[in-house]
Amino acid sequence: MSDPAIEQEIIKLAHDWIDAAGRRDHSALNRILADDFMIAGWLPGGQLADKQTYINDCLRPVVVEQSSYKYEGWKFRMYRDVVIANCTLQINALVGGSDWGGVFLFTQVWMKREERWQVVACHSSPVQEA
């Protein structure tokens, strides 16, 4: 089952999410991430992070400059009130004066709760060069 309107809403929310992280917008992050949110591929050593750990990391006072990002290759699977979205994210920035970024493969699980979509799980992996 496919629904282009839902796909566009998820893509917009994904952009809102990364923009909120860049602005260190606690309120927006709190709204987009479900209370039971978990993320893999964010912390070193294969650790999982919950919502509060992720938000705290996003809010750290680090100087981020010249940031840019681009999502591509969205694929969706929809199951009633659950959407699994896959895409790539190319992101680049100067973080604390050092180049940071690359291309990452994302899997996001979005759930509709109380008439709004929230991300409940995310996994990211760096794309290996061929």
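Arg 23 and Asp 25 join their side chains in a salt bridge, with 2.9 Å from N to O. This comes from a predicted model. Asp 25 is partly exposed, at a relative accessible area of 23%.

Asp 57 is partly exposed, with a relative accessible area of 22%. Arg 60 is also partly exposed, at 45% relative accessibility.

Next come Glu 72 and Lys 70. Their side chains meet in a salt bridge with an N to O distance of 3.5 Å. That pair counts because the cut-off is 4 Å. Glu 72 has a relative accessible area of 39% and is partly exposed. Lys 70, at 43% relative accessibility, is partly exposed too. In total, the structure holds 6 salt bridges, including the one between Glu 72 and Lys 70.

Now turn to the cysteines. The whole structure contains 0 disulfides. A disulfide needs the two sulfur atoms within 2.5 Å. Cys 122 is in no disulfide either; its nearest cysteine sulfur belongs to Cys 87, 8.2 Å away.

Are these cysteines buried or exposed? Cys 58 is buried, at 9% relative accessibility. Cys 122 is buried as well, with a relative accessible area of 5%.

Note on methods: Residues are numbered from 1 along each chain as its sequence is written. This is a predicted model: local features need pLDDT of at least 70, side-chain atom pairs count only at pLDDT 80 or more; totals for chains, interfaces and linings use all residues. Side-chain values use heavy atoms; hydrogens and water are left out. Buried means under 20% relative accessible area, exposed over 50%, partly exposed in between (1.4 Å probe, protein chains only).
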